[in-house]
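This report concerns a structure with its sequence. Please consult both while reading.

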Amino acid sequence: MLKPPENILTVQNMSVEFPTLSGVVTAVRNVSFSVGREKVGIIGESGSGKSTVGRAIMRLQPPQAVVKADRLQFEDINLLTVPEEQMLSVRGRRISMILQDPKYSLNPVMTVGEQIAETVILHERVSRKEARQRTLAMLERVNIRDPQRVFGLYPHEVSGGMGQRIMISMMLIASPSLIIADEPTSALDVTVRQQVLSILDDLVTERNLGLIFISHDLNLVRSFCDRVIIMYAGRVVETIATADLDDAQHPYTRGLLNALPSLDHPRDRLEVLRRDPAWLEN
Amino acid sequence: MTMTMIKVDHLAVSYGHGDSILRVVNDVSFEVARGETFGLVGESGCGKSTVLGALAGRNRQWTGSIRIDDETIGQKRSISQLAKQQMVFQDPFGSIHPRHTIGRTLLEPLEIHGKDNRQERVEKALKDVGLPLNFRYRFPHQLSGGQRQRVAIARALILEPRILLLDEPTSALDVSIQAEILNLLKDLRDREKLTYILVSHDLAVVAHLCDRVAIMQNGGFVEVATKAQLLADTVAHPYTRVLMDGSRGYVASQRPVGVTAP
């Protein structure tokens, strides 16, 4: 890229705690990373805290959760202290989030066009007519062939792949500088997944954005992202460039790689991950 | 006794009645040998689970012929014919009764099929899938996803079937747990001489376990490939290749000039 690499987001020593009746549950513990204008993957198994990290950055965690950090800086905004009113103009406009299943994350009683247009009307105070024009252009940008028709459809009338493209257009229409994609393609078939990812890839490159791609699919993150953060039990165990993943040092990363069945490296028995209690220290 | 365990000829399966009849599987024929593992791969809606449903006796609205273990199967089956093949479902969180203990879940098929020595059979099934015997007193919410899938496999094995019909048995599980379940399925097949039909959308999983794989699209087979063909990348149909690329991850498309592809 032309610009020197700058950090859009800096996270230092972030912990997320949930107080419960039987004591405090620490879902995320002392996590530090930074995101520039690049694609960063967060990999982890269920319960590793990867989605909680995404939600804490958006300040979308449930009210009882406690987020602690030495630093949580997004561009010129300190996410730890910024008041909620100001957060409203950040969320959706400067940081946006793509969720796993468009069936559950789109409003079922609003047409998809209205939902996309709502974002621009809310954040940029443009007229309905202009919002409609922008929406149609955005729908076309995510390779929807007949934007006029799709504008008036309800979420239940569109397929999963189209729904996810609608989500992407909704998240990008306000030109955010950071996108958090939480398992954006896990509900999609492989061929559709390929299309959705290439649209996301093009848009991220074209607009020079930062992308946090949360996933459990190692092969996918490895082929899609520039860097990958591997999380285990709420901790970051390793951060590594995807090209160097084969030289990963941490036994957990190595275990995950060896547990995958592969067409290119077939083996008779898959390696079973041995969890070492020492990984939980530090 | 012939070498063929399952022989399916011109199978067509449909749902619905009258005007709204929907034919989901169209003229499918295949054979599975004893002890073989046959894979069905395809995208959602291609009819792979429907083929499994017809073989299991869950869907009776089919035409064509099915022979299982040298017996021709009709639309209505005897109880011993039903016990011969058992299913394992995708979601271990949805396929086990949440308010029954594991022991009671495992007893139910034995009661339906009128088997004796029930306690011994429950203990043997738990042992076969590598779960401790005291798990029979637990409820599903006290188990992890991988342990629940082991219970689902134990429930399928308890009737001593010859065939296991596996409908995406690992897609709801984490990779490290998936490896455990795939290893378990491999061990069970070799020890109990079982025949498997495995449905999956992930060609890497199918190639790991199966000897031959049928690739399905729109209710029909586009290709039946052997494991060797998959591993050597010599498959014939372009759709098979698309699915193979999919299991390897993201393939960058034509990018704008000036941006290097990884």
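The sections below treat confidence, the interface, a sheet and a helix pair.

**Confidence**

The structure is a predicted model, with an ipTM of 0.79 and a pTM of 0.85. For chain B the mean pLDDT is 90, and 96% of the residues of chain B reach 70 or more.

| Element of chain B | Residues | Mean pLDDT |
|---|---|---|
| Strand E7, highest confidence | 163-167 | 96 |
| Helix H9, lowest confidence | 238-248 | 88 |

Over residues 254-262 of chain B, pLDDT stays under 50, and the model has 4 contacts beyond four places in sequence for this stretch. Where pLDDT is low, the predicted coordinates should not be read in detail.

**Interface between the chains**

The interface brings 31 residues of chain A into contact with 29 residues of chain B. On the side of chain A that touches chain B, at least two residues each come from helix H8 (190-207), helix H9 (218-224) and helix H10 (251-259) of chain A. H8(A) gives the most to this side, with 8 residues. By class, the residues on the side of chain A that touches chain B are 14 nonpolar, 10 polar and 7 charged.

**The sheet of chain A**

Chain A has an open sheet of 6 strands with mixed pairing, in the order E7-E8-E9-E3-E10-E11. Strand E7 (95-98) and strand E11 (235-241) of chain A each have a single partner strand and stand at the edges, so one side of each is left without a neighbour in the sheet. On average, neighbouring strands of this sheet are turned by 20° against each other, direction ignored.

Strand E3 (residues 39-43) and strand E10 (residues 227-232) of chain A run parallel and are joined by 4 bridges. In this pair, A:Gly41 stands opposite A:Val228 in E10(A). Helix H7 (residues 160-172) of chain A packs on the sheet, where H7 touches E7 and strand E8 (178-182) of chain A. The direction of H7(A) makes about 175° with that of E7(A).

**The pair H7 and H8 of chain A**

How do the axes of H7(A) and H8(A) cross, and within what distance do they come? These axes come within 9 Å and cross at roughly 15°. An angle under 35 degrees counts as roughly parallel, and H7(A) and H8(A) are therefore roughly parallel to each other. Their crossing is right-handed.

The residues of H7(A) that meet H8(A) include A:Gln164, A:Arg165, A:Ile168 and A:Leu172. Among their counterparts in H8(A) are A:Val192, A:Val196, A:Ile199 and A:Leu203. The contact of H7(A) with H8(A) has 7 nonpolar, 4 polar and 1 charged residues.

Terms used:
Residues are numbered from 1 along each chain as its sequence is written. Chains are lettered from A and ligands numbered from 1 in the order in which they are written. This is a predicted model: local features need pLDDT of at least 70, side-chain atom pairs count only at pLDDT 80 or more; totals for chains, interfaces and linings use all residues. Two residues are in contact if their C-beta atoms, placed from the backbone, lie within 7 Å. Ala, Val, Leu, Ile, Met, Phe, Trp, Tyr, Cys and Pro count as nonpolar, Asp, Glu, Lys and Arg as charged, and the others, Gly among them, as polar. Two strands pair if DSSP finds at least two bridges between them. Axes are lines fitted to C-alpha atoms, for helices over the stretch in contact, and angles run from 0 to 180 degrees between N-to-C directions. pLDDT is the predictor's confidence in each residue, from 0 to 100. Angles under 35 degrees count as roughly parallel, over 145 as roughly antiparallel, 65 to 115 as roughly perpendicular and the rest as oblique. A crossing is left-handed if the near helix is turned anticlockwise from the far one by less than a right angle, and right-handed if clockwise.
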